[in-house]
Amino acid sequence: MKYLVYASLIISGASVAQEAPKNAISAINANKTLLTDITDTGNGLIAVGKHGTVINSQSGDKWQQAELVPTQVLLTAVDFSNEKNGWACGHDATIINTTDGGNNWQLQQAKPELDKPCLDILFEDNLNGFAVGAYGMFYYTSDGGKHWQKRFLDSLLYSEDRDYLNDLKETDPEGYEAETASILPHFNRIEKTDNGLMLVGEMGLMAKSTDNGQSWVRLEEIYPGSFFALASDSKQEIVAGLRGNVFVKKNNEEQWQHLENIKTATINSIINYNNKQWLMLANSGVIFHLQDGLLTHEQLPDGKAILDGAILNNKLIMATEDGIKVKELTP
């Protein structure tokens with residue numbers, strides 16, 4: 001989850017739980033509201049955000065709002081397995097699905113009683129997917145989201161917490177359920193890498209799975225703050241997050257390198273450009289550039305937080321706190 005969105009939005013579960021999900025409101029300027037995520041489906045761009053907003057575009061310049069979105073919660077992440085099939089998630093552990101490329105969506109899950117946001121969603125194919133979020137939220141599906149199964153990843157607990165929970169499970173089952181609802185850190189991002197799945201989050205959490213998410217191993221802590229973004233290619237892995245902290249590890253090495261950075265804007269997303277450089281999109285309108293081990297930055301004049309981005313026709317199409325922004329890139 002992007003730091004700006006998580007830090008600034010708190011929803012009362014008590015009031016929301018009494019209301020049935022409502023369809024997103026049609027808005028003339030839907031592309032100018034808070035947008036949290038954007039993805040290239042292979043047949044255009046889809047962006048999601050505030051009040052259940054879903055918009056689509058072929059060019060990145062002109063946008064249309066989806067005809068039917070069965071929720072008004074803040075949507076925080078979107079992912080497509082192909083041009084037609086996509087999923088988005090958001091507050092109240094809401095998950096929605098499209099089978100027509102993003103024009104019409106169906107509700108797969110909504111749990112306002114949890115009062116917890118889903119912060120990221122990932123599908124490996126049309127059937128197998130993961131949704132992660134606040135306080136260790138972890139759901140998986142093997143049937144395209146018709147059924148979402150909840151899991152508690154106790155392997156990511158510190159040893160003392162695991163011992164505590166094991167004792168509590170035997171002596172106080174209700175207390176055990178209450179503790180498991182909040183004892184894990186927030187899971188902010190899940191991505192597929194060349195070596196399996198990787199999960200990053202609050203309190204320096206980094207974890208890997210090499211068996212399609214069946215089991216997870218917590219990696220050695222390299223930083224106590226929150227990570228919100230990760231990326232990898234055949235040469236390296238990158239994790240980044242709070243206050244502009246960036247760590248890089250070459251695939252033939254075990255040690256992470258902390259890159260020197262004079263700019264402290266929190267990094268929300270990392271995308272690759274032309275297989276030559278990484279663009280890191282951050283708060284306060286900052287874009288970091290990582291190329292050949294050198295980290296530089298530029299500042300957009302409006303100073304708006306950039307939550308995510310996609311590249312189309314040498315243009316960087318950004319989802320920001322003030323809607324869609326477009327920046328020309330030099331090939």
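Predicted model: local features only at pLDDT ≥ 70, side-chain atom pairs only at ≥ 80, totals over all residues.
Ile267 belongs to strand β21, residues 267-273. Its partner strand, β22, covers residues 277-282. The two pair in the antiparallel sense, over six bridges. They form a hairpin with three residues between the strands. Look at Asn274 there: Asn274 takes a positive phi near 60°.

Next, an open sheet. Four strands form it, in the order β17-β18-β19-β20, and the pairing is antiparallel. Which strands are at the edges? They are β17, residues 227-232, and β20, residues 257-258; each pairs on one side only. Now the pair β18 and β19. Strand β18 spans residues 236-241, and strand β19 spans residues 246-250. Five bridges join them in the antiparallel sense. Within that pair, Glu237 stands opposite Lys249 of β19.

Now the surface. Glu160, Asp163, Asp167 and Glu170 form a negative patch. Where is Glu160 found? In helix α3, which runs over residues 159-171.

Last stop, Lys50. This residue is in the loop between β2, residues 45-49, and β3, residues 54-57. Lys50 has 35% relative accessibility, so it counts as partly exposed.

Note on methods:
Residues numbered from 1 in each chain as written. Heavy atoms only, no water. Patch = residues over 30% accessible without salt bridge, like charges linked within 9 Å, V, L, I, M, F, W, Y side chains within 5 Å. Areas by Shrake-Rupley, 256 points an atom, 1.4 Å probe, with all protein chains shown as cover. Salt bridge = Lys/Arg side-chain N within 4 Å of Asp/Glu carboxyl O. Lys, Arg positive; Asp, Glu negative; His and termini not counted. Charge placed at Lys NZ, Arg CZ, Asp CG, Glu CD. Buried < 20%, exposed > 50% of the residue type's maximum accessible area, 1.4 Å probe, protein only. Pairing = 2+ DSSP bridges.
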